[in-house]
Amino acid sequence: NRIIVQSFQNMYLVIFPEGTRYNPGQTKLLSASQTFAAQQGLPVLKYVLTPRIKATYVAFDSMKNYLDAIYDVTVVYQGKDNKGEREESPSMTEFLCKECPTIHIHIARIDKKDVPEEQEYMRRWLHERFEIKDKLLIEFFDSPDPERRNKFPGKCVHSKLSLKKTLPSLLILSGLTAGMLTTEAGRKLYVNTWLYGTLLGCLWVTIRA
């Protein structure tokens, strides 16, 4: 579940306010997320984690003079296990190798003027967006009406994703990564980019928040 910020310059910034992917097997993470919401006086969510505001606020505050809209995107990998529990989302390898179920994507466009600029008001707004996500997912997985289950409301567009569309990307990415890792300089560059890029990103978010 993500927030996409669109600017007039046709650039997109994708933010995952949950901080990590929802995983029904990580019961401690889910419990901690729900406990945090309860302590903050926020509605407890069932199918999504309680969103955190820092990255969303910093991104919006930095780009608000150039923004067109924010797109609220909810992605569901259809399927439950034999116990009726929501299954873990497929890994990138499973996705690229076509070992994943049908994917459902719900997109809502929010005009910039409808997003509060102050951090505390934005925190409430962001949680309300995730409450909407949660209701969509409850309806998707648990609706008593079979006709409304396993689908999102609104106009539906079907698009098949074939292996020939995903395999070239996997081969190119794997080839570039493997080529970099075969040399000592490439390995250092790979590790340093991952390590220092992450640290600088976290530092920047902390300073701006």
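In this predicted model, the side chains of Thr74 and Lys133 are joined by a polar contact of 3.0 Å, a polar contact being a pair of N or O atoms within 3.5 Å, of which, within protein, one must be able to donate a hydrogen and the other to accept it, while residues adjacent in sequence count only if both atoms are side-chain atoms. Thr74 lies in strand E3, residues 67-77, where helices (H or I, at least four residues) and strands (E, at least two) are DSSP runs numbered from the N terminus. Because its relative accessibility is 1%, Thr74 counts as buried; buried means under 20% relative accessible area, exposed over 50%, and partly exposed in between, with a 1.4 Å probe and protein chains only.

Residues are numbered from 1 along each chain as its sequence is written. Local features need pLDDT of at least 70 and side-chain atom pairs count only at pLDDT 80 or more, whereas totals for chains, interfaces and linings use all residues, and side-chain values use heavy atoms, with hydrogens and water left out.

The chain contains six helices and four strands, and buried residues account for 31% of its 209 residues. In soluble globular proteins, nonpolar side chains tend to be buried together.

Val115 is located in the loop between strand E4 (103-111) and helix H4 (119-142), and it counts as buried because its relative accessibility is 5%. Leaving aside neighbours within four places in sequence, Val115 is in contact (heavy atoms within 4.5 Å) with Phe60, Ile70, Ile110, Met122 and Trp125. The C-alpha atoms of Val115 and Trp125, which are 10 residues apart along the chain, are separated by 7.4 Å. Met122, when residues up to four places away in sequence are not counted, touches Ile53, Thr56, Tyr57, Phe60, Val115, Pro116 and Glu117.

Leu195, by comparison, is found in helix H6, and this residue counts as partly exposed because its relative accessibility is 34%. Among contacts in the chain between residues at least 6 apart in sequence, 71% join residues at least 24 apart.
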